[in-house]
2 protein chains.
Amino acid sequence: MAKHTSKNSIPAQALALHKKLRGKIRIEPALKVKDRAALSLVYTPGVAAVSTHVAKRPGEARDYTIKGRMVAVISDGSAVLGLGNIGALGALPVMEGKCALFKTFANVDAFPIVLDTQDTEKVIEAVLAVAPAFGGINLEDFAAPRCFEIEARLKEKLDIPVMHDDQHGTAIAVLAGLINAAKVARKKLPELRVVISGAGAAGTAIAKLFLLAGIRDIIVLDSKGTITHGREGLAGHKLELSEATNPRAVAGGLDEALRGADVFIGVSGPNLMNASHVRRMAEKPIVFAMANPTPEIMPEEAKKGGAYIVATGRSDFPNQINNSLVFPGVFRGALDRRVPKITDEMKLRAAKNLAALVARPTPDKIVPDPFDRRVAPAVAKAIR
Amino acid sequence: MAKHTSKNSIPAQALALHKKLRGKIRIEPALKVKDRAALSLVYTPGVAAVSTHVAKRPGEARDYTIKGRMVAVISDGSAVLGLGNIGALGALPVMEGKCALFKTFANVDAFPIVLDTQDTEKVIEAVLAVAPAFGGINLEDFAAPRCFEIEARLKEKLDIPVMHDDQHGTAIAVLAGLINAAKVARKKLPELRVVISGAGAAGTAIAKLFLLAGIRDIIVLDSKGTITHGREGLAGHKLELSEATNPRAVAGGLDEALRGADVFIGVSGPNLMNASHVRRMAEKPIVFAMANPTPEIMPEEAKKGGAYIVATGRSDFPNQINNSLVFPGVFRGALDRRVPKITDEMKLRAAKNLAALVARPTPDKIVPDPFDRRVAPAVAKAIR
């Protein structure tokens, strides 16, 4: 653990940097208020005309206020990174970071709101209560299965886009990577046999988006093994998954699921697999081991088992599949075109646009770099 | 109405400016995220160390997150400026303006939250839910009497300062003005006879702060006339006022109240008074006609009636008494010293500090200019 306690370790550097910054975002006035004339326009008495105008024509709020540019990044801290349920304050540094990336990658103004409640009804009420000032809502790090109900009910009640990024941002990034990985391996998307380890927010959304993309043979595993039609005790999203996936009704665990699989997608936990698991897979196995910070299998070990393409969520290996490729562009597009909902078609298009940015994909380059300036505009173009 | 429809009128200019700006505040990252190294510190994986640290030591959240610098400016739009109940979106331009002033005058980062509910319980729940990311809460434009309960209950439940600015910001600014006005008129504060027209948020808070400042003879009027001990139908804050004010038990309306009064404070509505009202007052009458944009009596008319000192809320007359003199400094001080509550002693001190900035007050100069750079620090010094 010396790495983690030394002054130059990433955790130590991150702590020092955060203490220096004391918050990763700042509020800046769009206009310097430097004299009484400016004051009388941005504040009283001039602002009264704007308030009256907007109150009468709420549809024009986006033209006169921050509603046209501002996204809320909202979390209840119930499933933060790989850290679990660490609550509102624990989630705040992540949400601030996300807001900084929104601006950096897509010039989206975003503000972090961390909720002092994890009660589903109270979360929904709080988000509805604060919604008026925002043009979009990015839900973040809400635990499954509450995340599904929270997102669905907010989408139904609000006329601004609501997206749980752990679900859809991840799913879009993963599908983009898979489109290019299949291309490199000369396999056809609809013919792939896919195993997804993890039936939480990310695993469920990935399975759904893969189905929409035409992939038919998907097995999802939770901690009890493969999710099969008729498995006892299934409810909610897992019941849905059991009806829509696993057409060959494969029972058992990872060993059984991986037999002959083309693709492994890990969105579960560290160190689930070793080289021998990969050897059970079909030719040219594609392994996305996305658990953070420790993947389901380390790239070296996966290669030892014969993996043809390996991707992780980490920046220190090739093929970093991270939703920072996705969320800035999604909300940039949503704000620009004032779309009321992020639809399935938009998500599919976003994945394809993202994949298309890699002109000649190779085993070590299936997704664009997050600092590639074409990324956000390409994703934004899909949101229409 | 030509003034209001011409291209150069303040309303027309304000509308054009707001349409151009599309929101008066922007979010800026505190650090440019320009490469993978920066990304790995402000976001994953480095941020995990910060989240873990803060989750374990919530008391240090102010050292590592925006909680140490960020104020929420929250409104339900139920009593906006002189416009009344125009709802959340109507309130948003005012709250954005306030956030711009927070930064301009006191380098406080502030973010506007407008609530899609005016139910007292739901307002309180929403504010409690979003509170964790903030180091202070400025309540704004909540209608009386709900504003009193909302503020009181939030103060009780939160360990960060909560201030309803329409009450206390206004009261502090008015007391500062009165301290200097009394000095100019060579009258002693405890001996003043004061009439306050308006028993809403501002009038009630002004009466309470005046009592704390040692003023004993205060008559408050609502739409039914003077508030007297035992008047029928009084409840809540008006019942309290009836017990604490009007020691001479003056019954009747403005005519009766003003007889022999040294000071008139108007926080009610336009055009209530004319010169003959001022003539009923004592020698060297002090008239603060603060209704916005149209005062209870225009300065010219007040002077005609013999007013010695006239103040308004407007920037186009001398003696503008506006809470922008107060709120930036109050929260600057509260953040700097991490005070959990704004106490009565702090408010009194703030008014005195503000008054003291005018070294030699005159009838036309009883409060400092809002652009005087000494204002926010002087007020901030009082918050300890």
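The model is predicted. Chain A superposes on chain B by a rotation of 180° with 0.0 Å of shift along its axis, at an RMSD of 0.0 Å. That is the relation of a two-fold axis.

**How the chains meet**

- Of the interface residues of chain A, 100% are also interface residues in chain B, so the copies meet through the same surface.

**The sheet in chain A**

- An open sheet of 6 strands runs in the order β8-β7-β6-β9-β10-β11 in chain A, and its pairing is mixed.
- Its edge strands are β8 (225-226) and β11 (309-312) of chain A, each of which pairs on one side only.
- Strands β6(A) and β7(A) run parallel and are joined by 5 bridges, and S197(A) stands opposite L221(A) in β7(A).
- Strand β6 (residues 193-197) of chain A also pairs with β9(A) in the parallel sense, over 4 bridges; here V194(A) stands opposite V263(A) in β9(A).
- Moving along, β9(A) pairs with strand β10 (residues 286-289) of chain A in the parallel sense over 4 bridges, with F264(A) opposite V287(A) in β10(A).
- Finally, β10(A) and β11(A) pair in the parallel sense over 4 bridges, and I286(A) stands opposite I309(A) in β11(A).

**What is covered in that sheet**

- Strand β9 (residues 263-266) of chain A is covered on both faces: V263(A) and I265(A) are buried on one side, and F264(A) and G266(A) are buried on the other.
- Strand β7(A) is mostly covered, with 6 of its 6 residues buried.
- On one face of β7(A) the buried residues are D217(A), I219(A) and L221(A), while on the other they are I218(A), V220(A) and D222(A).

**Helices lying on the chain A sheet**

- Helix α9 (residues 165-184) of chain A lies across β9, β10 and β11 of chain A and runs at about 160° to β10(A).
- Helix α10 (residues 201-212) of chain A lies across β6, β7 (217-222) and β9 of chain A, and runs at about 160° to β6(A).

**The sheet in chain B**

- In chain B, 6 strands form an open sheet with mixed pairing, in the order β8-β7-β6-β9-β10-β11.
- The edges are β8 (225-226) and β11 (309-312) of chain B, each pairing on one side only.
- Helix α9 (residues 165-184) of chain B packs on this sheet and touches β9, β10 (286-289) and β11 of chain B; its direction makes about 160° with that of β10(B).
- Strand β6 (residues 193-197) of chain B pairs with strand β9 (residues 263-266) of chain B in the parallel sense over 4 bridges, and I196(B) stands opposite I265(B) in β9(B).

**Two helices to look at**

- Helix α6 (residues 87-106) of chain A has 20 residues and reaches 28 Å from its first C-alpha to its last, close to the 28 Å expected at 1.5 Å a residue.
- There is a bend of about 30° in α6(A) at P93(A).
- Of the 20 residues of α6(A), 19 are buried, so this helix is largely enclosed by the rest of the structure.
- In chain B, helix α10 (residues 201-212) has 12 residues that should span 16 Å at 1.5 Å a residue, and its end C-alpha atoms are 17 Å apart, which agrees.
- Helix α10(B) is mostly covered, with 9 of its 12 residues buried; among them are I206(B), L209(B) and F210(B).
- After α10(B) comes G214(B), whose phi is positive, near 100°.

**Backbone spots worth a glance**

- T44(A) and P45(A) are joined by a cis peptide bond with omega of about 5°; P45(A) sits in the loop between α3 (36-42) and α4 (47-56) of chain A.
- Another cis peptide bond joins N292(B) and P293(B), with omega of about -5°, and P293(B) lies in the loop between β10 and α14 (299-304) of chain B.
- D141(A) is not a glycine, yet has a positive phi of about 55°; its place is in the loop between β4 (136-139) and α8 (146-157) of chain A.
- D141(A) counts as buried, at 4% relative accessibility.

Conventions:
Residues numbered from 1 in each chain as written. Chains lettered and ligands numbered in written order. Predicted model: local features only at pLDDT ≥ 70, side-chain atom pairs only at ≥ 80, totals over all residues. Heavy atoms only, no water. Least-squares fit on C-alpha atoms with pLDDT ≥ 70 in both. Contact = heavy atoms within 4.5 Å. Expected span 1.5 Å × (residues − 1). Bend = angle between axes of the 7 residues up to and from the residue. Buried < 20%, exposed > 50% of the residue type's maximum accessible area, 1.4 Å probe, protein only. Pairing = 2+ DSSP bridges. Axes fitted to C-alpha atoms, helices over the stretch in contact; angles between N-to-C directions.
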